[in-house]
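Reader: I have a model open and want to go through it with you. Can we take it piece by piece?
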Amino acid sequence: MTAPGSTPADNPPPTETPVTDAAWPLATRPTTGPVPVLSRSAHDRGHRWRDSADPLRGRSVRVLTVDERRAVPVHEGARGPELVWDEQPELPVGAVYLGESDGVPYAAVRGERALTVNGRPVDTWTGLREIGADLGDLDAGLLAQAIGILEWHERNRFSPLSGAPTTIEKAGWVQRDPQTGAELFPRTDPAVIMLVHDGADRCVLGRQAVWPPGRFSILAGFVEPGESAEGAVAREVAEEVGLRVTDIRYVASQPWPFPQSLMLGFTARVDGDPTLHLDEDEIEEARWFSRDELRSGDGPRALPPPVSIARHIIDGWLKGDL
């Protein structure tokens, strides 16, 4: 039998394990938007200005501070939480240009927590997992981008070619190996996440041992080198729960910058024997659940929170849209 290739790509496994009730609460709401919540974006990423000596073009910039635990400053506004941006006359040292919206440039930088930012009160410091589903489209898109690019810089300070410390270019979007001259670009690791169904009224949900009791989600795992996304879906399902699947259909994608994944969402229909055979190194428990069980709350104690693409796919299946 092929050795398991899955990782904790399933949503939502926080960095700290075991996962706590606070990280994955029992009371979670369904998704409502047309796309996964972390796929929302309302800004121009400004790719054409990254080569410029002054991507701000003489304008001031709004800078988001991200601390070492990926937390950011948040203010509770009248319409919900808002990121607290620091207005600066130019890009701070080490900041990465994120793009612009309505003529306003945005950037992100690593920094320390503070009670105020540029005179504005900070109600809390929190992370993308906790606040992403509650932010507006602009803040949500900028925050996902900021976390992803800063994590890349944090984990890639040296060239994989020569071992030399890299230099930062193009407003933070390129690292250069000073010995070989090679340009190093941000990387994204593709992962598949899939709802397996029986073609009728049941789907498979599983749980990892590090999750709080009663929390279930759909299956997931990383795409291996030389493998298609559809091939990864079939392989991961076979490895984790011993099912053969067919009719693999793409649903949507969502960035998951913890630290650098892109979740590719699919549905797949079981082909043949529906008996589950678990890989206990990956899955502690897996079961077939009916739509009625998931709708009524008689199934898992908690489904994934709305920040997860897993919840977007489950909700779409429950509504009959998938």
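Reader: What is the mean pLDDT of the protein?
Author: The model is predicted, and its mean pLDDT is 92, with 94% of the residues at 70 or more.

Reader: And what is the pLDDT over residues 1–15?
Author: Below 50 over that stretch. In the model, residues 1–15 still have 55 contacts beyond near neighbours in sequence.

Reader: On to H3. How many residues, and what does it reach from first C-alpha to last?
Author: H3 covers residues 229–241, which is 13 residues, and reaches 18 Å, close to the 18 Å expected at 1.5 Å a residue.

Reader: Which residues of H3 are buried?
Author: Ala 229, Ala 232, Val 233, Arg 235, Glu 236, Val 237, Glu 239, Glu 240 and Val 241. The list includes charged side chains, among them Arg 235 and Glu 236.

Reader: What covers them?
Author: The cover includes strands S13 (189–197), S15 (219–222), S16 (245–256), S17 (261–270) and S18 (285–290).

Reader: What follows H3?
Author: Gly 242, with a positive phi near 70°.

Reader: Change of topic: the second largest pocket. What volume?
Author: About 410 Å³. Its lining has 23 residues, and Arg 45, Ala 144, Gln 145, Thr 188 and Pro 255 lie nearest the centre.

Reader: Which element gives the most to that lining?
Author: Helix H2, with six residues. H2 (137–155), S16 and S17 each supply at least two.

Reader: How does the lining split by class?
Author: Eleven nonpolar, nine polar and three charged residues.

Reader: What is phi at Lys 170?
Author: Positive, about 50°, although Lys 170 is not a glycine. Lys 170 is in the loop between S10 (167–169) and S11 (174–176).

Reader: And phi at Ala 171?
Author: Near 60°, also a positive value in a residue other than glycine. Ala 171 is in the loop between S10 and S11.

Reader: Are those two buried or partly exposed?
Author: Lys 170 counts as partly exposed because its relative accessibility is 31%. Ala 171 has a relative accessible area of 19%, and the cut-off for buried is under 20%, so Ala 171 is buried.

Conventions: Residues numbered from 1 in each chain as written. Predicted model: local features only at pLDDT ≥ 70, side-chain atom pairs only at ≥ 80, totals over all residues. Heavy atoms only, no water. pLDDT = per-residue confidence, 0-100. Contact = heavy atoms within 4.5 Å. Helix = DSSP H or I, 4+ residues; strand = E, 2+ residues; numbered from the N terminus. Expected span 1.5 Å × (residues − 1). Buried < 20%, exposed > 50% of the residue type's maximum accessible area, 1.4 Å probe, protein only. 1 Å grid on protein atoms, 1.4 Å probe; cavity = no way out; pocket = protein on both sides within 12 Å on 5 of 7 lines; lining within 4 Å. Points joined across faces, edges and corners; volume = space filled by probe spheres on them.
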